[in-house]
Amino acid sequence: MPSDSTAPANWHTPAELVPLEGREAFRGADAGTVLDFWRYAMPDLRTNTTRGLLAEFLVHRAVGAVARNSEWEAFDVLTPDGTRVEVKTSAYLQVWGQRRLSDIRFSRLRGRTWTSEDGGATEQSYNADIYVFALHTARTHADYDPLDIGQWGFYVASRALVEAAGHASLGLASVRRLCGEPVAYEELAGHITACARSLLSTGGAVAAVTADS
């Protein structure tokens, strides 16, 4: 999006975001506070949409990112050193009844970029430097604790590896072949940094990985 100084005079350019704290009240009627809305919108950290945002938040915090990316960005997290990170999430358990645990699959690895000047790209592409595959590992609802970060496992791969695989989605077996063993949250930032440096030093030379059937 053009900045305020470069946007044409007839553009509708949003003001700079002022982060809300939660105690702000809606004006014009007794409709509660921003915190009331957050409680309404995200009461359950186990839902697919919210769990995906939670994984992005965890990666954001791990790498020390300054601000949340805009929704139209083609990747999820920008590290302080400029590394673009895409976060993909999967889990065995859902918020509905299941006959069996969910198959683990990480989808939408490719996407179309978008800018306010040019609109959407015609072709899909891999748009991050690093891919983090975040797996919530709980297998029973009795054990599932959405506030326990230790229940997450993080697989880290470079764009070169993901692009060489050449698929729009990957199952867990393929992710393991691509990334090796998962890392704990405390190790995540270091692995992202090491992966980014390795990509630069090797020039992106990788071997292809066969996807799950």
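Guide: From the N terminus on, the elements of the protein chain run α-α-β-β-β-β-β-β-β-α-β-α-α. That comes to five helices and eight strands. This is a predicted model, so local features need pLDDT of at least 70 and side-chain atom pairs count only at pLDDT 80 or more, while totals for chains, interfaces and linings use all residues. Residues are numbered from 1 along each chain as its sequence is written, and side-chain values use heavy atoms, with hydrogens and water left out.

Visitor: What makes a stretch a helix or a strand here?

Guide: Both are DSSP runs, numbered from the N terminus: helices are H or I with at least four residues, strands are E with at least two. Trp-38, for instance, lies in helix 1, residues 34–41.

Visitor: Why is Trp-38 called partly exposed?

Guide: Buried means under 20% relative accessible area, exposed means over 50%, and partly exposed is in between (1.4 Å probe, protein chains only). Trp-38 has 36% relative accessibility, so it counts as partly exposed. Across the 213 residues of the protein chain, 33% count as buried.

Visitor: What makes a salt bridge of Lys-88 and Glu-86?

Guide: The rule asks for a side-chain nitrogen of Lys or Arg within 4 Å of a carboxyl oxygen of Asp or Glu. In the Lys-88 and Glu-86 pair the closest N and O atoms are 3.0 Å apart, so the pair meets that rule. By this rule the count comes to six salt bridges.

Visitor: Are Lys-88 and Glu-86 buried or exposed, and how do you know?

Guide: Lys-88 is buried because its relative accessible area is 13%. Glu-86 has 11%, so it counts as buried too.

Visitor: What about Arg-100 and Asp-103, buried or exposed?

Guide: Their side chains meet in a salt bridge as well, at 3.3 Å, N to O. Arg-100 has a relative accessible area of 59%, so it is exposed. Asp-103 is at 59% and therefore counts as exposed.

Visitor: Where is Arg-108, and what is its phi?

Guide: Arg-108 is found in the loop between strand 3 (105–106) and strand 4 (114–115). Its phi is near 55°, a positive value in a residue other than glycine. Arg-108 counts as exposed because its relative accessibility is 69%.

Visitor: What makes a set of residues a nonpolar core?

Guide: They must be buried Ala, Val, Leu, Ile, Met, Phe, Trp, Tyr or Cys residues joined through side-chain atoms within 4.5 Å. The largest has 20 residues, and among those with the most contacts inside it are Val-59, Val-85, Ile-130 and Ile-192. Helix 2 gives the largest share of this core, five residues. There's also a second, separate core of 19 residues, including Leu-109 and Phe-133.

Visitor: Which residues does Ile-192 touch?

Guide: Contact means heavy atoms within 4.5 Å. Not counting residues up to four places away in sequence, Ile-192 touches Val-59, Val-63, Val-85, Ile-130, Val-132 and Val-156.
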